[in-house]
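Here is a friendly walk through one structure, taken piece by piece. Have the chain open beside you as you read.

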Amino acid sequence: MGKTNSKSKSVASVAIIMGSDSDWPVMKAAAEFLTSHGVTVESKVVSAHRTPKLMMDFASKAHNRGIKVIIAGAGGAAHLPGMVAAITPLPVIGVPVKSSNSIDGWDSILSILQMPNGVPVATVALNAAKNAGILALQILGSHDVKLQNAVIEYKKDMEKEVLKKKVGL
Ligand code: C2R
C-alpha cells in the first residue's frame, strides 16, 4: 500500500483510499483486481476523522493528478467516502468495511449509503472491495475500448466458471 503499482511510472487512474491500515486486508481485493487487469492504482490511508487536512487536500486535487475514479473504504462511522464525494468531481465508490469498531457492519453500510441528494456515493456490499474494483473497471471501460473488453472477458470467464460447477451427488 502507499505506492502506485506502476513499473513504467505511469499515472494512477484509480485511487484506493481507506480510513485505516486495518482496512487493507479487505481493500486489497480492489487493488488486486484492478492491477490484474492492467489498471494502475495508488492506495493510501486517508481519514476524514483523523487526517481531515490530508482528506481535503487529497479530495480537492485527485482529479488534477489524472485520477479517474476514487474507491474509498471505511468502517464504523464511515464518513470518509461521503466527505470525499462532497469535495471531488470524480465518481466515488464506497466500500463499507466490517471493522473492529463496527457494531455489525450496518453502521458502516448506512453511513456510506445514505447520502443526501446531490452527493452520490456508489456503495457496494459489506467488505465487497472486489466489486468496487470491478465497478471502477467498468467506469474506466465506458471510454476505453481495451478496458471495456477486459470487462467483457471477465464476465465470460465468470460464466464459464459457474457453468463448470457441479452440485449434488
Ligand atoms: P483503526 O483500526 O485504525 O482503529 O480504525 C477505519 O476505516 C477503520 O475501519 C477503525 C476503523 O475506523 C475507520 N475510520 C473511519 C474514518 N477514519 C477511520 N471510518 C473516516 O474518516 O470515515
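Strands β1 and β3 run parallel and are joined by five bridges. Within that pairing, isoleucine 17 has alanine 72 of β3 as its bridge partner. Please keep in mind that this is a predicted model.

Moving on from β3, the next pairing to look at is with β4. Strand β3 covers residues 69-75, and its parallel pairing with β4 extends over six bridges.

What is the order of the strands in the open sheet? The five strands follow the order β2-β1-β3-β4-β5, with parallel pairing. At the edges are β2 (41-45) and β5 (122-123), each of which pairs on one side only.

Strand β1 (residues 14-18) is joined to β2 by five bridges, and these two strands run parallel. Isoleucine 17 turns up again here, this time with lysine 44 as its bridge partner in β2. Helix α1 (residues 24-36) packs on the sheet and touches β1, β2, β3 and β4, with a direction that makes about 175° with that of β1.

Are the residues of β3 buried or exposed? Seven of its seven residues are buried, leaving β3 mostly covered. Val69, Ile71, Gly73 and Gly75 point one way, while Ile70, Ala72 and Ala74 point the other way, and all are buried. In a regular strand, side chains alternate between the two faces of the sheet.

Strand β4 (residues 92-97) has six of its six residues buried, so it is largely enclosed by the rest of the structure. Both of its faces are covered: on one side sit Val92, Gly94 and Pro96, and on the other Ile93, Val95 and Val97, all of them buried.

## Helix α5 and its partners

Helix α5 lies across β1, β3, β4 and β5, running at about 165° to β3. It also packs against α1 at an angle of about 35°, with the two axes 7 Å apart. The crossing of α1 past α5 is right-handed. On the α1 side, the contact is made by Val26, Met27, Ala29, Ala30, Phe33 and Leu34, and on the α5 side by Ala129, Lys130, Ala132, Gly133, Ile134, Ala136 and Leu137. Sorted by class, the contact of α1 with α5 has eleven nonpolar residues, one polar and one charged.

How do α5 and α6 pack, and what is the angle? Helix α5 (residues 129-141) and helix α6 (residues 145-164) pack at about 140°, with their axes 7 Å apart. That angle makes α5 oblique to α6. Their crossing is left-handed. Leu137, Gln138, Leu140 and Gly141 of α5 make the contact with Leu147, Gln148, Ala150 and Val151 of α6. By class, the contact of α5 with α6 has five nonpolar residues, three polar and no charged ones.

## The α2 and α3 pair

The axes of α2 and α3 come within 8 Å and cross at roughly 50°. The two helices are therefore oblique to each other. Helix α2 passes α3 in a right-handed crossing. Met55, Met56, Ala59 and Ser60 in α2 meet Leu80, Met83, Val84 and Ile87 in α3. By class, the contact of α2 with α3 has seven nonpolar residues, one polar and no charged ones.

Helix α3 (residues 80-87) is mostly covered, with six of its eight residues buried. The buried ones are Leu80, Pro81, Gly82, Met83, Val84 and Ala85. What covers these buried residues includes α2 (52-61), β3, β4 and α4 (106-113).

## A residue with a positive phi

Finally, take a look at the loop between β5 and α5, where asparagine 127 has its place. Asparagine 127 has a positive phi of about 65°, although it is not a glycine. Most residues other than glycine have a negative phi.

Why does asparagine 127 count as buried? Asparagine 127 counts as buried because it has 21 C-beta neighbours inside 10 Å, and the cut-off for a buried residue is 20 or more.

Definitions and conventions
Residues are numbered from 1 along each chain as its sequence is written. This is a predicted model: local features need pLDDT of at least 70, side-chain atom pairs count only at pLDDT 80 or more; totals for chains, interfaces and linings use all residues. Axes are lines fitted to C-alpha atoms, for helices over the stretch in contact, and angles run from 0 to 180 degrees between N-to-C directions. Helices (H or I, at least four residues) and strands (E, at least two) are DSSP runs, numbered from the N terminus. Angles under 35 degrees count as roughly parallel, over 145 as roughly antiparallel, 65 to 115 as roughly perpendicular and the rest as oblique. A crossing is left-handed if the near helix is turned anticlockwise from the far one by less than a right angle, and right-handed if clockwise. Two residues are in contact if their C-beta atoms, placed from the backbone, lie within 7 Å. Ala, Val, Leu, Ile, Met, Phe, Trp, Tyr, Cys and Pro count as nonpolar, Asp, Glu, Lys and Arg as charged, and the others, Gly among them, as polar. A residue is buried if 20 or more other C-beta atoms lie within 10 Å of its own, exposed if 12 or fewer, and partly exposed in between; C-beta atoms are placed from the backbone. Two strands pair if DSSP finds at least two bridges between them.
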